[in-house]
Amino acid sequence: MSSFHGSACDVASQFRTSSESDWREILTWLDISGMALYLLDQVRTLDIEDSVPRPIRDRLQMNLHHNRQRTANLLRHAGVVANEFQQAQIPFALLKGITLTPDSVPEPALRWQADLDLLVSETHSIAATRALRNLGYTLHATSGKTVEFRSGPSSMSGLADLYRADTQRSLELHIMRRHCGVADRLTRIQVKSFEGLAMPALSSADIMVQQALHLLKHLC
């Protein structure tokens, strides 16, 4: 993690002490932890790409290329879902993932994202389920106030395909109970642009609170 706060010279020196074999041993961890593409971005920012063995650098760059395509597919489908919800007059907000740009993530494609997350009210949950079924989704699992939907077979066979666009679409509905006359996250939504796609999302303050709560959950 010192690569994210050390000087370019110090980080490059540290990287040059690691062999290609050393790098290959930690690549799986970098992929699973979600740090691989952030590390590539930091290496580019520090302009020390030559300190990383060429085969490792090539792999990271290919992963970023594939993840950009994966993210673009997610954004396109987010637009399809948003259009379906808007036609059905279902108030909603896009959650997590893409909405963390640019405050927490400088570029959406640096973050690996498996699915879309939408916040809807309990009142509109049935209509939202119907809208998703119109788009070919089927119910996959329910956990508390979170309902997971999937559509199509998965084309991923393992870590080798981690960053590639998947043929299976996954989406989670996060259902929120609302109280008449009480301001909540859906009353504070803001329309934001993500790679040119305008989508309703949580306010910046609500996004920060959601991130803090998510981090606290992992710490606990």
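Helices (H or I, at least four residues) and strands (E, at least two) were taken as DSSP runs and numbered from the N terminus. The model is predicted, so local features need pLDDT of at least 70 and side-chain atom pairs count only at pLDDT 80 or more, while totals for chains, interfaces and linings use all residues. Residues are numbered from 1 along each chain as its sequence is written, and side-chain values use heavy atoms, with hydrogens and water left out.

L216 is found in helix α6. Together with V209, L213, L215 and L219, L216 makes a nonpolar surface patch of about 510 Å². Patches are made of residues with over 30% relative accessible area and no salt bridge, like charges being joined within 9 Å and nonpolar side chains (Val, Leu, Ile, Met, Phe, Trp, Tyr) within 5 Å. A salt bridge is a side-chain nitrogen of Lys or Arg within 4 Å of a carboxyl oxygen of Asp or Glu. Accessible areas come from the Shrake-Rupley method with a 1.4 Å probe, and for residues only the protein chains shown count as cover.

Helix α6 (residues 204–219) also gives the most to the lining of the largest pocket, with seven residues. On a 1 Å grid over the protein atoms alone, a pocket is an open set of points with protein on both sides within 12 Å along at least five of seven lines, a cavity is a set where a 1.4 Å probe fits but cannot get out, and lining residues have an atom within 4 Å of a point. Grid points are joined across faces, edges and corners, and a volume is the space filled by probe spheres set on the points. The largest pocket holds about 590 Å³ of space. It is lined by 17 residues, of which K96, G97, R111, H214 and H218 are the closest to its centre. This lining comprises five nonpolar, six polar and six charged residues (Ala, Val, Leu, Ile, Met, Phe, Trp, Tyr, Cys and Pro count as nonpolar, Asp, Glu, Lys and Arg as charged, and the others, Gly among them, as polar).

The second largest pocket holds about 330 Å³. Among its 13 lining residues, S33, G34, M35, Y38 and R111 are the closest to the centre. Helix α2 (residues 20–33) gives the most to this lining, with three residues. Eight of the lining residues are nonpolar, three polar and two charged.

One cavity of 30 Å³ or more is present, and its lining consists of G34, A36, L37, L110, W112 and Y163.
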